[in-house]
Amino acid sequence: RSLPGTGTCYQQAKRALHTAVPDRLHAREKETGVIRQFLREHVGGRQPGSLYISGAPGTGKTACLSRVLLDCKDELAGSKTIVLNCMALSSPQGVFPALAQQLGLPAAAGREGVRKLEKQLTARGPMVLLVLDELDQLESKGQDVLYTLFEWPRLPGSRLVLVGLANALDLTDRSLARLGARPAGSPRLLHFPPYTREQLSAILQERLGQVAGDTVLDATALQFCARKVSAVSGDARKALDICRRAVEVVELEVRSQTLLKPLPGGEW
């Protein structure tokens with residue numbers, strides 16, 4: 001037997017602490033602006049190019065990019081946007097058939113497949129925005145896969161704008177040193193630093209501020225969580241997960257107390 005309304009504030013709190021893309025990304029205004037400007041310049045301005053976004057897990061890379069893609073939907077309407085998560089590929093080379101499928105090309109393996117893609121991406125047509133999340137998964141012997149992809153925006157007549165996201169800060173140094181030899185074509189770099197204690201605390205307070213009624217987790221608990229997470233990783237997803245689990249614990253405690261309360265008149 002639950003008292004009326006006791007469950008709702010906990011449900012609301014857990015929803016507020018989800019890790020889906022929020023309407024506003026706290027402390028990432030600068031990075032969001034850089035991504036938006038890059039897309040306007042390259043996709044909108046029909047200038048092929050590449051952007052490499054690095055940062056540890058939970059620093060907001062994918063969330064920021066997803067937010068910008070949603071906000072710029074109208075501006076990007078005249079181009080083709082393809083988003084691939086490289087974790088889903090069985091091998092680094094698998095990116096080529098996956099891309100061919102998205103472009104409506106017949107499947108072709110090996111060099112032949114790569115050649116057909118190059119032909120397609122340098123033919124006349126709308127700009128193609130290719131977003132590769134978890135780009136580190138494409139590291140291969142000789143780094144040929146990554147090198148090929150980052151070379152494509154530099155081909156004569158290319159209509160490809162490439163955005164790669166990865167955890168490693170030095171992926172471009174390690175894997176794409178050959179690109180650096182020609183600085184004009186090397187990817188633009190954008191790094192997402194770990195969230196600080198203050199930023200994590202503000203993110204948690206902002207999320208829980210959406211919940212009506214009494215506070216489910218007090219400010220001290222939020223500060224403690226932000227301090228611990230910032231000391232280890234600065235991973236906002238971890239902070240949200242910890243708080244969501246804390247809400248579940250509180251919810252269970254309240255529920256068990258409610259169930260054990262004696263009925264009015266002293267009867268059980």
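User: Is A27 buried or exposed in this model?
Analyst: This is a predicted model, in which local features need pLDDT of at least 70, side-chain atom pairs count only at pLDDT 80 or more, and totals for chains, interfaces and linings use all residues. Residues are numbered from 1 along each chain as its sequence is written, and side-chain values use heavy atoms, with hydrogens and water left out. Buried means under 20% relative accessible area, exposed over 50%, and partly exposed in between (1.4 Å probe, protein chains only). The relative accessibility of A27 is 18%, so A27 counts as buried.

User: Where does A27 lie?
Analyst: Phi of A27 is near 65°, a positive value in a residue other than glycine. Helices (H or I, at least four residues) and strands (E, at least two) are DSSP runs, numbered from the N terminus. A27 lies in the loop between α1 (6-16) and α2 (29-44).

User: What is the relative accessible area of E134?
Analyst: E134 also is not a glycine, and has a positive phi of about 55°. This residue lies in the loop between β3 and α6 (144-151). E134 is partly exposed, with a relative accessible area of 24%.

User: What is the order of the strands in the open sheet?
Analyst: Strands of a sheet pair through backbone hydrogen bonds, either parallel or antiparallel. Two strands pair if DSSP finds at least two bridges between them. The open sheet here has five strands with parallel pairing, in the order β2-β3-β4-β1-β5.

User: Which residue of β4 stands opposite Y52?
Analyst: Strand β1 (residues 49-55) pairs with strand β4 (residues 160-166) in the parallel sense, over six bridges. In β4, the residue opposite Y52 is G164.

User: How are α9 and α10 oriented to each other?
Analyst: Two packed helices are described by the angle between their axes and the distance between the axes. Axes are lines fitted to C-alpha atoms, for helices over the stretch in contact (heavy atoms within 4.5 Å), and angles run from 0 to 180 degrees between N-to-C directions. The axes of α9 (residues 197-208) and α10 (residues 219-232) come within 8 Å and cross at roughly 140°. Angles under 35 degrees count as roughly parallel, over 145 as roughly antiparallel, 65 to 115 as roughly perpendicular and the rest as oblique, and α9 and α10 are therefore oblique.

User: How many helices and strands does the protein chain have?
Analyst: The protein chain has 268 residues, of which buried residues make up 43%. Its secondary structure comes to 11 helices and five strands.
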